[in-house]
Amino acid sequence: MRRKASILVVDDDPDIVEALKTVLESQDYIVATARNGEEGLARIRASKPDLLILDMLMPRRTGLQSVAS
């Protein structure tokens with residue numbers, strides 16, 4: 001049996017996060033979420049997702065800063 005791919009969605013807009021999570025889970029992906037770049041970076045380090053979907057303009061830490069660390 002094939003392992004399900006994991007996706008991390010990082011965005012400060014809860015509506016976008018919920019919409020992406022709903023669509024991706026309906027396609028059988030494992031979806032984790034984070035509300036800002038700092039939380040996203042912690043989740044990246046902890047779970048090593050297969051794919052990141054990042055908002056580039058967030059408070060505290062941008063999407064780019066989250067993956068460049």
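This is a predicted model: local features need pLDDT of at least 70, side-chain atom pairs count only at pLDDT 80 or more; totals for chains, interfaces and linings use all residues.
## A quick tour of the chain and its helix α2

The protein chain has three helices and three strands.

**The whole chain**
- Of the 69 residues in the protein chain, 30% are buried.
- Take the contacts between residues at least 6 apart in sequence: 57% of them join residues at least 24 apart.
- The protein chain has an accessible surface of about 4,800 Å², and carbon and sulfur atoms account for 55% of that.

**Helix α2, from end to end**
- Helix α2 covers residues 37-47.
- Just after α2 comes Lys 48, which takes a positive phi of about 50°.

**Which residues of α2 are buried?**
- They are Gly 37, Glu 39, Gly 40, Leu 41 and Ile 44.
- Here's a handy rule for reading a list like that: an α-helix has 3.6 residues a turn, so residues three or four places apart point the same way.

**A closer look at Glu 39**
- Glu 39 sits in helix α2 and is one of that helix's buried residues.
- Its side chain makes a polar contact with the side chain of Arg 35, at 3.4 Å.
- If you set aside the neighbours within four places in sequence, Glu 39 is in contact with Thr 33 and Ala 34.

How values were computed. Residues are numbered from 1 along each chain as its sequence is written. Side-chain values use heavy atoms; hydrogens and water are left out. Buried means under 20% relative accessible area, exposed over 50%, partly exposed in between (1.4 Å probe, protein chains only). Helices (H or I, at least four residues) and strands (E, at least two) are DSSP runs, numbered from the N terminus. Contact means heavy atoms within 4.5 Å. Accessible areas come from the Shrake-Rupley method with a 1.4 Å probe; for residues, only the protein chains shown count as cover. A polar contact is a pair of N or O atoms within 3.5 Å; within protein, one must be able to donate a hydrogen and the other to accept it, and residues adjacent in sequence count only if both atoms are side-chain atoms.
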